[in-house]
Amino acid sequence: MQELIEELAAALAGAKRVVVLTGAGTSAESGVPTFRGGGPDALWKGFDPMKLATPGAFVADPDQVWEWYEWRRAKIAACEPNPGHHALAELEGLIDDFLLVTQNVDRLHQAAGSRALIELHGDLWTLRCFHECGFSEERRSPPAYPPLPRCGCGALLRPGVVWFGEGLPPGAMERAFARSTRAEVFLVVGTSCVVYPAASLAEVAGGAGARVFEVNPVPASRAPGVRVLAGPSGEVLPRVVSSLRRRLEA
Ligand code: OAD
């Protein structure tokens with residue numbers, strides 16, 4: 001592992017353009033359940049996404065959908081960024097042209113200090129109008145539900161996340177693609193790489209010549225030539241950033 005950590009740190013030290021893609025595993029050590037994977041708490045093991053995370057599910061049973069999101073919001077509100085989040089925030093300050101692309105909706109990257117970031121799947125704390133009148137508002141507390149929250153236009157408010165079957169926030173994927181094709185180093189962290197188009201970013205970057213590295217105890221990326229650091233991000237990333245700092249200060 002130490003050899004791979006040094007290899008990644010050396011690649012970062014020589015790179016001006018770096019993109020990092022994160023997924024739920026990045027927040028696992030903060031106590032946020034992942035969607036898939038080995039742990040007993042993986043969300044899609046115990047819950048059916050088609051009954052909780054689609055527009056149709058919301059029309060059919062908004063109480064059930066909101067109850068689940070309020071449970072997640074309460075759980076995640078008690079979670080703090082872990083050393084992996086902090087390492088990525090620190091990395092942003094060490095690279096000229098840095099972008100973090102996240103599939104996470106928990107906002108723990110921002111809590112750790114990350115600023116150059118695209119949220120591909122929205123976030124849990126913004127509520128927006130289900131009828132798309134344009135209203136949206138950050139509402140962390142008091143609990144959004146119960147009762148069912150309503151927009152001023154009379155429609156229901158919904159969680160500001162991207163559901164299955166929906167498009168990504170306008171422009172988000174285009175910007176992420178553009179930066180990924182120009183990246184010299186692309187780092188994939190804590191994602192099962194099964195949800196597209198997010199998963200394609202590493203493949204696109206690798207195909208365009210980026211050196212691709214993955215941090216995940218159960219590696220999943222299919223990017224060409226990917227180098228795997230098989231371990232938890234909260235342990236691996238701080239070691240990478242320490243080594244990078246040493247190299248930059250030398
Ligand atoms: P998943 O739950 O599919 O995958 C989590 C990944 O994190 C797995 O590959 C685990 O091996 C890895 N992992 C677990 N613990 C880790 C740790 N400590 N350090 C590093 N990696 C660890 O999560 P995502 O890939 O983010 O979409 O899922 C993608 C999308 O599917 C989510 O954004 C969500 C979900 O349905 C929407 O809600 C639209």
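Predicted model: local features only at pLDDT ≥ 70, side-chain atom pairs only at ≥ 80, totals over all residues.
1. At Ser-233, a backbone N or O atom lies 2.9 Å from a nitrogen atom of the ligand. A polar contact here is a pair of N or O atoms within 3.5 Å. The protein covers 91% of the 800 Å² of accessible area that the ligand has on its own (Shrake-Rupley method, 1.4 Å probe).

2. The shell holds 22 residues, of which Phe-35, Arg-36, His-121, Thr-191 and Ser-192 come nearest (a residue is near if one of its heavy atoms lies within 4 Å). By class, the shell has 10 nonpolar, 10 polar and 2 charged residues; Asp, Glu, Lys and Arg count as charged, and Gly is among the polar ones.

3. Helices α6 and α10. Helix α6 (residues 83-92) packs against helix α10 (residues 233-249) at an angle of about 30°, and their axes are 7 Å apart. The two are therefore roughly parallel (angles under 35 degrees). Their crossing is left-handed.

4. Helices α8 and α9. For α8 (residues 172-182) and α9 (residues 200-207), the axes come within 8 Å and cross at roughly 30°. This pair is therefore roughly parallel as well, and the crossing is right-handed.

5. Basis of the values. Residues are numbered from 1 along each chain as its sequence is written, and side-chain values use heavy atoms, without hydrogens and water. Local features need pLDDT of at least 70 and side-chain atom pairs count only at pLDDT 80 or more, whereas totals for chains, interfaces and linings use all residues.

Terms used: Polar contact = N/O pair within 3.5 Å; in protein donor to acceptor, adjacent residues only side chain to side chain. Axes fitted to C-alpha atoms, helices over the stretch in contact; angles between N-to-C directions. Helix = DSSP H or I, 4+ residues; strand = E, 2+ residues; numbered from the N terminus. Parallel < 35°, antiparallel > 145°, perpendicular 65-115°, else oblique. Left-handed = near helix turned anticlockwise from the far one by under 90°.
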